[in-house]
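Please keep the viewer open as you read, and take the points one at a time.

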Amino acid sequence: MAPASHESSAVPQVVITTKAPAPPRTDQPQPRNEPNAKGKDPDAGPIPAPREDTIDEDPSRPTDTPAPVDLTGALEKQAQRSDANDPSRQSSPPKNNNDANDTEPRPPAGESTSSVIDNPPNLARIRRLLFECKDPIEITQEEFETYWPFVDNFWVKQRTNASHDGHCTTEYYMCRLRRATNKPSETKPPLPEGKRPRKRRAREGGICNVSIKVVRFEGAYSAVTIYRTPGSDAAHSHDLEYIDRVKRNSGVMEYVRRESFKGYLPSSTYKVLREQKEKLDDAGGSGLNVTDVRNVSAKWRIQNPEVELRTHEGWEYVEGRGVVKAQTTSQTSQQDPPPTLTSTSTTTTPLPIDTLSFPTFSLDFLEPYLPTLPKHHKEKREFPHVTLSYASSMDSKISLRAGMQTVLSGPEAKLMTHYLRSRHDAILVGVGTVLSDNPGLNCRLEGAGGFGGLGRMWQPRPVVIDPTGRWPIHPEDRMLRTAVEGKGRAPWVVVSPGASINADHLMMLKGYGGDFLRIMEYNLAWRIRWEAILRSLALEGIKSVMIEGGGTVLNELLNPEYSNIVDSIIVTVAPTYLGQGGVSVSPESKQDVGGNPNAALNPHNVKWTPLGQNVIMCGKIRSPEPPK
Ligand SMILES: NC(=O)C1=CN([C@@H]2O[C@H](COP(=O)(O)OP(=O)(O)OC[C@H]3O[C@@H](n4cnc5c(N)ncnc54)[C@H](OP(=O)(O)O)[C@@H]3O)[C@@H](O)[C@H]2O)C=CC1
Ligand SMILES: Nc1nc(O)c(N)c(N[C@@H]2O[C@H](COP(=O)(O)O)[C@@H](O)[C@H]2O)n1
């Protein structure tokens, strides 16, 4: 989402923007090049005509190749990433399987069949997300290439539009079941004598009116955003399982191709894939049948007629029984092999090395202080939910001195902070914090909310208040590196109208997917009004903001004048005194009507919870709306 211009009725505010132009794309889809199927299958007699017993279509037909991407590259990349993390999987990646002449070197004896399905991380969940497409989904080009082959059984490309400058392309897809079914032609010439008609059952068509568009933008950070198109129905008329039974996707067929091109018998490939049912289902292969495998194998064998097909390691061909698990010496030859336990563990997840494990301890105590899910919103709010969250010493210092990062959170509290980040749409800090800490401001927890999701879609948006443009934005800054690496979003920088913004910085930030928000509403101290900042964030779709600091920002927002916009406060208290001279969190003192000193602010609904060496203080600041 790129910030857009806003107009406040009271004071003219914000500004903003369109994305920076991207270089022309160089990764245009490569058409597949597969030979026609004809030949013999020693395992099952003559090679059957393609797709005799399936309601599917031949995947080799150009019109039936919905994926706009080079599948091999994506899966190879994925495989390499997995292999890099798992020394037991260091087999060489398959060659470009678009070339059927490319005879694969035979895998070494003893090659494990556990790697025949190497799904990318969280595939089942991500397929479901891409199937439902409820909200816009922003992913990297690499993620698109990795996951799209597994969803092209339900998304069928209709057309592509390119912007005039060629920097942005929009592809339109419809649900496969939206396409009208081809009725059998009544004027078809009669079949030659002895030739049986193909047993094709007509698939239902025209029953689902869901369509999406895929917008690709390439800058320093490439983004692919997937949206519902106007006019699309809100939900498919069928479930994901149904379409998986109807049509195989390119990702699943790639698994079939890789094994077939190694010279394995179709029924061996089929059984080995089926043995890993859970992974196959996750990939959308619940409808895979042995004919699908034979068709792929047949094409390869036309080019490699001399190769004698064989079974996978640990499997054998037994006359009358087909391909079965090989008997070990301890088993009698007549016995069926005992059912083997299929590993249910998911593929090694190539998570970044700075990934934090999801907390195993309960964080339920935080719930009353956190933003509620949109479906539970009772009131329509002008501002996002605001949580102030920081770590403090016993003497209310947040760092030893300005410009110096000081670790106050123990390991458990750190996990809690990242969990809090996962529960907010944006993380806001002042420019002082950026200059001193060079923070990432992403959520590094494994799983939903942090790493392991689809791209940055669950990552919070960093927001930096930098009225005069003091931050000399550089590609090496952690927030930008985090964005380029797909581990977080690029920041939005809030500036005053007078800020001098270097044109290179402007282009660079936009190229990374970030932006500048120019806000021109001030308070009496000529500071940007927090109401204006929060209102503009709300207009950009931000429903919750976690404000982490630093001292200047917190001291301002802890003033009672902001008690109507700050919802809650979550402070990690560390068992240390940082001493005088550090950065304090201490709002201006207040007086009562008699002129006596008074507490500056008293949070209510307070709860203290020990967490490791820290204690977490949760409290509410904003008073609940009085009942109307
Ligand atoms: N322990 C913890 O949890 C945390 C600790 N910290 C620590 O805090 C320290 C940084 O704090 P600090 O130096 O106070 O910096 P801040 O991060 O609070 O940034 C302050 C600057 O932000 C700009 N700013 C903030 N609010 C406004 C506003 N309403 N209108 C206009 N400009 C605004 C101003 O920039 P300008 O001066 O250009 O006008 C101001 O000087 C660091 O040492 C950091 O490590 C930070 C976060 C959390
Ligand atoms: N919760 C918390 N505990 C501490 O001990 C801290 N020093 C901070 N600092 C805040 O976290 C930011 C660093 O974030 P990344 O890890 O780089 O993503 C830092 O800038 C402060 O905002 N917080």
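1. Helix H10 (431–437) is the largest contributor to the shell around ligand 1, with five residues. Helices (H or I, at least four residues) and strands (E, at least two) are DSSP runs numbered from the N terminus. In total 31 residues surround ligand 1, the closest being Gly-430, Gly-432, Thr-433, Gly-549 and Gly-550; a residue belongs here if its C-beta atom, placed from the backbone, lies within 6 Å of the molecule.

2. A word on the source: this is a predicted model, in which local features need pLDDT of at least 70 and side-chain atom pairs count only at pLDDT 80 or more, while totals for chains, interfaces and linings use all residues. Residues are numbered from 1 along each chain as its sequence is written, and chains are lettered from A and ligands numbered from 1 in the order in which they are written.

3. Other elements that each supply at least two residues to the shell of ligand 1 include strand E8 (385–392), strand E10 (426–430) and helix H14 (551–557). By type, this shell holds 14 nonpolar, twelve polar and five charged residues. Here Ala, Val, Leu, Ile, Met, Phe, Trp, Tyr, Cys and Pro count as nonpolar, Asp, Glu, Lys and Arg as charged, and the others, Gly among them, as polar.

4. Do look at Gly-550, in the loop between E14 and H14. Most peptide bonds are trans.

5. Now for ligand 2, which has 16 residues around it; Ala-391, Ser-409, Asp-437, Pro-439 and Gly-440 are the closest. H10 and strand E14 (544–549) each give at least two residues to this shell, whose members are six nonpolar, eight polar and two charged.

6. Which residues have a positive phi without being glycine? One of them is Leu-441, with phi near 55°, and another is Trp-526, near 60°. Leu-441 is buried, with 26 other C-beta atoms within 10 Å, whereas Trp-526 is exposed, with 8. The cut-offs are 20 or more such atoms within 10 Å for buried, 12 or fewer for exposed, and partly exposed in between, with C-beta atoms placed from the backbone.

7. Finally, the chain as a whole: 14 helices and 20 strands are present, and 41% of the 628 residues count as buried.
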